[in-house]
Amino acid sequence: MPMRTCCLILACAIAVTAAAQPAVRYQPKTKVWVLETEHTSYALGVNERNELQHLYWGKKLARDEDYPQARSAAGFAFEAREGLTSEEYPGWGGMRYAEPCLKVTLEDGVRDVVLKYVSHQVRGDGLEIRLKDVNYDLFVELAWRVYPRSDVISKRATIRNQTKSPLALESAQSGVWYLPAGEGYRLSYLSGRWAGETQLVREPIHPGIKVLESRRGNTSHQLNPWFAIDAEGSAGEEHGRVWFGALGWSGNWRLSIEQTSHQQVRVTGGFNTFDFAYPLKPGESLETPPFYGGFTDLGFGEASRLLHRFERAEILPDRAAPRLRPVLYNSWEATEFHVNEEGQRQLAGRAAKLGVELFVMDDGWFGQRNDDKAGLGDWFVNPQKFPSGLKPLIAHVNSLGMKFGLWVEPEMINRNSDLFRAHPDWVIHFSGRPQTEGRNQMVLNMARADVKEHIFGVLDRLLAENDIKFIKWDMNRYFSEPGWPAVPAAEQRKIWVAYVRNVYEIIDRLRARHPSLEIESCSGGGGRVDLGILQRVEQVWTSDNTEAFDRMRIQDGFSFAYAPKVMMDWITDVPNMNGRTTPLKFRFLAAMMGSVGIGGNLNKWPDADMDLAKKMVALYKEIRATVQQGSLYRLCSPREGSLTANQYLSEDGKQAVLFAFLHSQQFRRPPPAIYLRGLDERKLYRIRTIDDKMTEKRETASGAFLMHRGLSFRLGGDFDSTAIVLERLD
Ligand code: GLA
């Protein structure tokens with residue numbers, strides 16, 4: 001055989017072997033586990049003290065020998081353990097002063113946990129490692145899962161009390177992510193408030209701890225359980241090393257971003273330790289939420305695209321067979337609580353003319369719900385507003401070719417409700433203490449088995465009796481006075497965990513019983529958006545603020561962590577929220593960057609608006625697969641200038657859509673050119689404009705032209721906007 005052919009065969013064989021490498025590998029000689037995704041790897045090992053040690057997280061290394069081995073360094077008396085060893089799951093015990101993953105009080109008063117490796121098991125893309133305290137039968141089972149295509153790895157822990165006595169967990173974290181030791185890292189995270197969610201914040205990481213958390217019972221509008229850290233604070237949208245992560249939990253959570261005195265940046269995440277005390281009787285266990293992490297050296301844009309892909313392929317309920325989100329109409333902003341059959345029929349008729357596919361009736365249809373002071377808890381149809389129940393309205397909506405959806409807020413109760421009159425003790429409260437109301441409502445104790453069964457029962461009946469294909473599941477206030485007087489004091493703080501688990505369980509059971517049901521998670525807008533709820537709902541309500549210019553920033557931040565497909569955007573009437581009047585086209589294009597809904601009072605829309613809306617909905621249907629299932633490129637950020645531009649590229653690369661928005665023109669300055677991304681340089685693309693705003697008219701352009709020469713648009717004045725659709729000519 002000639003030498004060249006032989007080399008070729010050898011090279012192929014090596015390539016095949018490399019490709020066939022399992023995603024999780026154990027090297028017994030070095031006691032190292034390697035977890036590999038397509039482009040990244042994560043390594044951990046056991047050192048000579050039997051401690052489980054983090055070794056590497058970053059770009060995939062070529063050879064197994066490239067990974068370090070676990071070793072503990074000898075330290076000076078004042079050196080803490082974490083200065084010497086990056087422990088994968090440190091208990092609070094010994095000379096450890098950094099944020100621990102586990103803190104326990106045992107019945108005999110011992111408050112010291114030192115965990116050592118016991119055993120492990122590799123199962124496909126998963127790895128499980130068992131740790132045990134040096135004295136007590138307190139076990140921690142750590143589980144990692146590799147998601148090769150999205151370059152994401154998840155970790156979670158199960159803490160088991162196998163001792164003969166009860167104990168209390170004071171901290172139970174999912175795990176800790178270590179970055180390569182060094183300084184100069186920068187943290188990105190999402191903060192906000194009601195009507196101003198998911199604003200991107202960036203700041204340098206310094207020695208000490210930065211805590212991101214929720215103490216509110218739900219995920220919160222204020223902070224979101226997502227982070228990204230870039231090296232030297234130098235990553236951009238399309239370049240630079242970025243480590244990112246997110247927790248899958250919709251209750252009290254905490255991320256501690258810490259830089260130790262040894263220049264070690266570590267991110268610990270899991271249940272919030274604030275007011276946390278979780279008792280475990282002998283034989284009991286607690287599983288933490290999953291903590292997902294990923295890495296890319298292609299900047300924040302790629303970090304987001306990886307997360308979006310991960311959510312679509314691994315998290316969302318339709319992960320096995322993705323479905324496109326329908327265009328919906330929602331009655332809230334049009335009617336508020338004043339819903340009735342005739343009014344909803346009228347709106348439905350107008351919505352159907354626009355091409356709406358799902359008609360959702362919001363708040364006001366049940367109990368004595370005429371304003372926000374009464375009715376929550378009474379999930380039966382209001383007989384004055386709907387004398388023949390919901391069936392005639394649903395039949396009408398269906399006859400117009402739309403599915404029917406309904407708003408519910410199952411976790412809440414008004415003092416003025418039959419449910420409260422029957423079960424005042426079902427509310428979260430401390431005996432004999434004030435019960436704070438928010439929006440005139442209180443929180444039902446979903447941790448209680450009887451409350452859980454009651455709520456499941458009423459929702460199950462509602463769905464069984466009516467052809468409801470979609471529910472918007474709302475939660476319009478945070479916890480306060482989080483007592484659970486029916487159980488002993490030592491058990492009461494379980495409420496933080498049990499509440500969320502039971503909400504999850506109700507949703508899971510409803511979905512199992514009503515397989516065609518789809519759900520939107522809402523909590524006064526974006527108060528419950530996280531990777532835990534997203535395993536159970538198709539979409540989330542991004543913000544109660546539907547004002548299109550404010551939405552530029554809210555949606556931009558949202559897109560760092562969450563896929564456009566789950567981001568619900570409505571077109572509503574103006575002026576809205578800030579008294580601003582943006583043109584209907586601007587509002588439509590802003591909404592078309594996610595999943596579209598219409599929320600205005602269609603009865604008042606003039607013919608010209610109805611015509612434009614009809615065209616925009618038709619256009620959206622042509623591009624929604626690209627927006628919802630494709631790759632997002634953030635080209636111009638609303639945080640940085642007066643132009644926002646986003647591009648979406650379909651999975652097969654055949655269609656691209658560009659949206660551009662000028663917020664406000666100053667000094668007669670023309671907007672900057674926009675450079676597209678991700679196209680094939682040598683292929684031609686047919687350009688379809690929705691208006692005549694391209695400065696240089698062209699019917700086609702090459703990928704190279706679009707990406708390197710860029711496109712300029714005649715955008716001027718305030719709130720001007722445009723969009724183009726590119727179809728690749730093969
Ligand atoms: C919350 C939601 C709104 C609407 C109202 C109804 O504020 O975020 O979209 O459903 O409740 O009361």
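This is a predicted model: local features need pLDDT of at least 70, side-chain atom pairs count only at pLDDT 80 or more; totals for chains, interfaces and linings use all residues.
**The ligand**

Select the ligand and the residues around it. The shell has 13 residues, and those that come nearest are Asp-362, Asp-363, Arg-439, Lys-472 and Asp-544. By class, the shell holds six charged, four nonpolar and three polar residues.

Next, show the side chain of Asp-363. One of its polar atoms is 2.6 Å from an oxygen atom of the ligand. On its own the ligand has 310 Å² of accessible area, and the protein covers 96% of that.

**Helices α5 and α13**

Two packed helices are described by the angle between their axes and the distance between the axes. Select residues 341–354, which form helix α5, and residues 607–629, which form helix α13. Their axes come within 8 Å and cross at roughly 55 degrees.

Now show side chains at the contact. From α5, pick Arg-350, Lys-353 and Leu-354; these meet Met-610, Ala-613, Lys-614 and Val-617 of α13. This contact has four nonpolar and three charged residues, and no polar ones.

**Helices α3 and α11**

Move to helix α3, residues 299–315, and helix α11, residues 548–561. Here the axes are 6 Å apart, and the packing angle is about 70 degrees. Angles of 65 to 115 degrees count as roughly perpendicular, so α3 is roughly perpendicular to α11.

To see the contact, select Phe-300, Ser-304, Leu-307, His-308 and Glu-311 on the α3 side, then Ser-559, Phe-560 and Ala-561 on the α11 side. Four of the residues in this contact are nonpolar, three are polar and one is charged.

**Two loops**

Select Pro-575, in the loop between β29 (567–571) and α12 (584–591). Which form does the peptide bond from Val-574 to Pro-575 take? That bond is cis, with omega near -5 degrees.

Finish at Gln-263, in the loop that runs between β16 (253–259) and β17 (265–271). Check the backbone here: phi of Gln-263 is near 55 degrees, a positive value in a residue that is not glycine.

Terms used: Residues are numbered from 1 along each chain as its sequence is written. Side-chain values use heavy atoms; hydrogens and water are left out. A residue is near a molecule or strand if one of its heavy atoms lies within 4 Å of it. A polar contact is a pair of N or O atoms within 3.5 Å; within protein, one must be able to donate a hydrogen and the other to accept it, and residues adjacent in sequence count only if both atoms are side-chain atoms. Accessible areas come from the Shrake-Rupley method with a 1.4 Å probe; for residues, only the protein chains shown count as cover. Ala, Val, Leu, Ile, Met, Phe, Trp, Tyr, Cys and Pro count as nonpolar, Asp, Glu, Lys and Arg as charged, and the others, Gly among them, as polar. Axes are lines fitted to C-alpha atoms, for helices over the stretch in contact, and angles run from 0 to 180 degrees between N-to-C directions. Helices (H or I, at least four residues) and strands (E, at least two) are DSSP runs, numbered from the N terminus. Contact means heavy atoms within 4.5 Å. Angles under 35 degrees count as roughly parallel, over 145 as roughly antiparallel, 65 to 115 as roughly perpendicular and the rest as oblique.
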